[in-house]
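Biologist: Please take me through this model feature by feature. Give me the general idea each time, then the case at hand.

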Amino acid sequence: MSQHIEQPQSRLSLLFSRFIAEKANQSLNSVLARTAAWLSEVQQNGDVCLDLALYTGKPWPDQKGMNRSDLTPDLDVWCRELMRDGICVGGPGEHTPMILDGHRLYLNRFWRYEDTVAGAIKSRLQTHVHVEHEALKKGLVRLFGDDREAGVNWQKLAAALAVTRHFSVISGGPGTGKTSSLVKVLALLLEQHPGMYIRMAAPTGKAAARMMESIRQAKSKLDIDDAIRAAIPDEASTLHRLLGYSPAGYRHHSMNPLILDCLVIDEASMVDLPMMARLLDALPQTAQLILLGDRDQLASVDAGNVLGDLTGHGHEIEYRPETAELLASLTGVNMGLLPVNPDAPVVADAIALLRKSYRFDENSGIGNLARHINSGAADQTIAWLSDHSCAELSWAPDLVLNTLLEQIADSYMPYLLEQDIAQALDLFEKQRVLCAVRQGPYGMESVNREIARRLIARGLLLHGEAVAGMPVMITGNNYELNLFNGDVGLLWRNQDGQLRAYFRAGDNALRDISVQSLPQYELSWAMTVHKSQGSEFEHVVAILPDIEAGRAVLTRELLYTAVTRAKNHFTLFAGSEAVRWAVIQTVNRSTGLADRLNWSGGDTITLQPDQ
């Protein structure tokens, strides 16, 4: 999150500052060297660039051994000073360690990542895919129904948009039908283009496995020809495997592109800027790209907020008249019901926002809480949490952490009392504790240790590093074992008394692996909110640090993501000040991608004829 840095900067930032100072033959206290350290620091914290306009005339961040009482220069002076030596800072496209593009300062490779993504998206926005409109209309009616009198069917609209464009985004919250819409899109694409080679991928192995399971279930229910059903892919890979990652680099790139006609990426909010640049670099120019995700969720762990940048960071999605006219024609909806704006950016024409939740109705406690959080309504959020008549929500702002941990330990007891591993795993997967941070008394690591200690005291768990009943989360990808980052299983003794690790396979069957063969793992009674993205549980317990400890991490996106992991019940452990702060604060990473795509005005893109 873009913010003034008050703590001492990292060793990496200081080393980069020294490198720049030596290269430019300037002192460590020079504007150039201090700015270089600042840029390195914000990039490590998720920003793509340092937006000088945000910090001009403000105090420099804390740097050990330097004078911290002076202020940064005026913007024009600052930019001229950075460009003065001509060695360390250059303009867009130059081969210098840092790039100054307008008022944004980048590390060179991050400017190139952003330039690659912006250029590839703009190129795909220039053309539509050739389709047989009458056949598509019939397919849309067959798969989504003829409900033109019922208002806008946003899933149907999303399908029409995705089939007709080289680039599209389908965004929506939990229960809005992203996966069910996607499988119909794939069927319609194959009806239009028999033989189309479609591949699917996701940022993590767990997300890829969920994607496969959902597609397999959904395609079996479609009213389509059996040949089309068989052609809909139900295999998905991680992004790293798709691109052929090895320690030597990536096998696929612009000189050795992927062989495919359409690429679908699920959980796109988790994709960082460098990975998106690599994907687009390896994607054939004629291929279609469909991104699925929730634009309101947390941004990627690493630098950038690509899905947020692409979708305008909460801007209303409105279509230019010619796009609205096409969508109305294909779906049969009254064009007057569509959001139309002749000044909308071209990229908005590629975005489908699913606006109806089929899981949370207007009376849902979880659904209403998520909506209040998403709208930044702190008072309504507090009021909704305080309404004890809502059975779906539990909030005890004055509860002591030790008391909560005792309750959590009690709630995990049922799976440990089971004899059958399948039943135990199913019971365990019904609940999860989500933490905003990894370390500290409210962090995932401490909470896991405390839960283990309490279960040992209850006689349900033995002491040891690996014991029966212990839940584990894999923290890396192992393709030989078919285990991926985020996979969760249970250590359990088999009928022969051997300790094994049990996981659910993609077809929901149980598979077991020797504990000694497991890749690196960690305890998983509790997990971070970031790790929970894409998962759902019947009951979620969210633990937030107090406002002093969590000021830097408590955000609207984090709280929204935690709430929307819950299907039936959500319990929140947090003080009212922490909740209010989280609702008000938003992740605001400094990037130039949204501006490049005209969300703030800029160059227009001329559409070419259908291809």
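Modeller: Glu 450 and Arg 454 both sit in helix α19 (residues 444–457), four residues apart, about one turn of the helix. Helices here are DSSP runs of H or I with at least four residues, strands are runs of E with at least two, and both are numbered from the N terminus. This is a predicted model: local features need pLDDT of at least 70, side-chain atom pairs count only at pLDDT 80 or more, and totals for chains, interfaces and linings use all residues. Residues are numbered from 1 along each chain as its sequence is written, and side-chain values use heavy atoms, with hydrogens and water left out.

Biologist: What do Glu 450 and Arg 454 form?

Modeller: A salt bridge, with the closest N and O atoms 2.6 Å apart. The term requires a side-chain nitrogen of Lys or Arg within 4 Å of a carboxyl oxygen of Asp or Glu.

Biologist: Is Arg 454 buried or exposed?

Modeller: Buried means under 20% relative accessible area, exposed means over 50%, and partly exposed lies in between (1.4 Å probe, protein chains only). Arg 454 has 5% relative accessibility, so it counts as buried. Glu 450, at 22%, is partly exposed.

Biologist: Which residues are linked with them in a network of salt bridges?

Modeller: The network links Glu 406, Asp 410, Glu 450, Arg 453, Arg 454 and Arg 458.

Biologist: How many salt bridges does the structure hold?

Modeller: It holds 28. One of them joins the side chains of Asp 379 and Arg 580, at 2.7 Å from N to O. Asp 379 belongs to helix α16 (residues 378–386) and Arg 580 to helix α23 (residues 576–584), so the pair ties together parts 201 residues apart in sequence. Asp 379 is exposed, at 51% relative accessible area. Arg 580 is partly exposed, at 33%.

Biologist: And the pair Glu 429 and Arg 432: how far apart are the closest N and O atoms?

Modeller: They are 3.2 Å apart, in a salt bridge. Arg 432 is buried, with a relative accessible area of 0%. Glu 429 is partly exposed, at 28%.

Biologist: Back to helix α16. Where does Gln 380 stand?

Modeller: Gln 380 is placed in that helix, α16. Its relative accessibility is 41%, which makes Gln 380 partly exposed. The C-alpha atoms of Gln 380 and Asn 368 are separated by 9.6 Å, and the two residues are twelve apart along the chain.

Biologist: Now the sheets. How do I read them?

Modeller: Strands of a sheet pair through backbone hydrogen bonds, either parallel or antiparallel. Here two strands pair if DSSP finds at least two bridges between them.

Biologist: How many bridges join β3 to β4?

Modeller: Four, between residues 98–101 and residues 104–107, and the two strands run antiparallel. Asp 101 has Arg 104 in β4 as its bridge partner.

Biologist: Last, the aromatic rings. How are pairs described?

Modeller: A pair of aromatic rings is described by the distance of the centres and the angle of the planes. Rings of Phe, Tyr and Trp (its six-membered ring) pair if their centres lie within 6.5 Å; planes under 30 degrees apart are stacked, over 60 edge-to-face, and the rest tilted. The whole structure has eleven such pairs. In one, the rings of Trp 38 and Tyr 55 have centres 4.8 Å apart and planes at 50°, so the pair is tilted. Trp 38 lies in helix α2 and Tyr 55 in helix α3 (residues 52–55), 17 residues apart. Trp 38 is buried, at 0% relative accessibility. Tyr 55 is buried, at 6%.

Biologist: Which residues form one aromatic cluster with them?

Modeller: The cluster consists of Trp 38, Tyr 55, Trp 60 and Trp 78.
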